[in-house]
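Subject: Structure handover

Hello,

My notes come after it.

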Amino acid sequence: MDIKKLQALVVDALEDVKAQDITVFDTTHLTSLFDRIAIASGTSNRQTKALAASVRDKVKAAGGDVYGMEGEDTGEWVLVDLGDMIVHIMQAPIRAYYRLEEIWGDKPVKLGAAKRKGTVEAEEAAPKKVSSHLAAGKKAVDASPVVEKKTPARKPAAAKAAATGEKKAAKPAAVPAGKKIKVAQPKATVAAVKALKATPKPKAAKPKAEEAPAKTVIKRIKKPAAE
């Protein structure tokens with residue numbers, strides 16, 4: 001069996017039983033015993049056994065050879081020997097302990113869209129290419145009617161105000177040149193002025209009559225006559 005078809009069958013069989021972390025590696029440059037190695041994880045002993053049985057049954061149904069199976073008793077690590085491909089189905093702790101990826105993982109095989117390459121289902125499901133210059137290869141464009149949106153005419157300001165119920169603020173009348181406008185004083189200022197006017201002014205004290213200065217009597221001392 002072709003190696004690409006064999007690896008596609010193995011991946012399909014593992015996915016059917018919900019295997020985790022499926023990886024496939026190319027080992028042709030490392031050993032001549034087999035060309036591919038697949039590693040997958042199971043969550044329990046029962047699932048690892050079911051995964052191994054799924055791989056065995058699917059390969060046999062496609063006409064491939066299964067040379068042996070090991071580890072079915074415990075279910076912690078089940079190995080399926082397919083000749084050109086070896087499948088390791090392990091529980092997560094066992095896989096983390098032995099780290100087979102570090103030994104065989106130099107050339108990982110991309111699974112992606114190519115993992116089912118070689119199977120009949122993939123060939124039937126794959127879309128056929130049609131030349132772009134042919135009319136059949138061009139997509140028909142749906143002719144949908146175009147509805148033009150008319151922009152409503154703008155209403156004048158007066159009509160808009162009447163429609164919305166808004167009142168326009170009255171503009172102050174223009175003042176003719178050369179005329180003075182009296183501006184009313186605020187009520188608080190007027191009240192303060194009235195209060196000042198109503199307050200009685202204190203009377204100034206009358207100055208006292210000037211008192212007459214005290215008379216000073218100067219006595220003259222007579223000098224004794226010279227002898």
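Below is what was found, from the whole chain down to single elements.

This is a predicted model: local features need pLDDT of at least 70, side-chain atom pairs count only at pLDDT 80 or more, and totals for chains, interfaces and linings use all residues. Residues are numbered from 1 along each chain as its sequence is written, and side-chain values use heavy atoms, with hydrogens and water left out.

**Overall**

The protein chain has seven helices and five strands. These are DSSP runs numbered from the N terminus: helices are H or I of at least four residues, strands E of at least two. Along the sequence the pattern reads α-β-β-α-β-β-β-α-α-α-α-α. Of the 227 residues, 22% count as buried. Buried means under 20% relative accessible area, with a 1.4 Å probe and protein chains only. The chain exposes about 19100 Å², and carbon and sulfur atoms supply 56% of that. Those areas come from the Shrake-Rupley method with a 1.4 Å probe.

**The sheet**

The five strands form an open sheet in the order β1-β2-β5-β4-β3, with mixed pairing. Two strands count as paired if DSSP finds at least two bridges between them. The edge strands are β1 (20–26) and β3 (68–70), each pairing on one side only. The twist averages 15 degrees from one strand to the next. Axes are lines fitted to C-alpha atoms, for helices over the stretch in contact, and angles run from 0 to 180 degrees between N-to-C directions.

Pair by pair:

- β1 and β2 are antiparallel over five bridges; Asp26 has Arg36 as its bridge partner in β2.
- β2 and β5 run parallel, joined by seven bridges; Ala40 has Ile89 as its bridge partner in β5.
- β4 (residues 77–81) and β5 (residues 85–91) are antiparallel over five bridges; Leu79 has His88 as its bridge partner in β5.

Seven of the seven residues of β2 are buried, so β2 is largely enclosed by the rest of the structure. Both of its faces are covered: Arg36, Ala38, Ala40 and Gly42 on one side, Ile37, Ile39 and Ser41 on the other.

**Helices**

Helix α1 (residues 3–16) packs on the sheet and touches β1, β2 and β5. Contact means heavy atoms within 4.5 Å. The direction of α1 makes about 20 degrees with that of β5.

Helix α2 (residues 45–61) lies across β2, β3, β4 and β5, running at about 165 degrees to β5. Its 17 residues reach 24 Å from first C-alpha to last, close to the 24 Å expected at 1.5 Å a residue. The expected span is 1.5 Å times one less than the number of residues. Buried residues of α2 include Leu51, Val55 and Val59. Just after α2, Gly63 takes a positive phi of about 95 degrees.

What of α7 (residues 187–198), and how many of its twelve residues are buried? The count is zero, and α7 is hardly covered.

**Cores**

The largest nonpolar core has 23 residues. Such a core is a set of buried Ala, Val, Leu, Ile, Met, Phe, Trp, Tyr and Cys residues joined through side-chain atoms within 4.5 Å. Residues with the most contacts inside this core include Val10, Leu14, Val24 and Val55. The largest share, six residues, comes from α1. A second, separate core of seven residues includes Phe25, Ile37, Met90 and Leu100.

Best wishes

Conventions
Buried means under 20% relative accessible area, exposed over 50%, partly exposed in between (1.4 Å probe, protein chains only).
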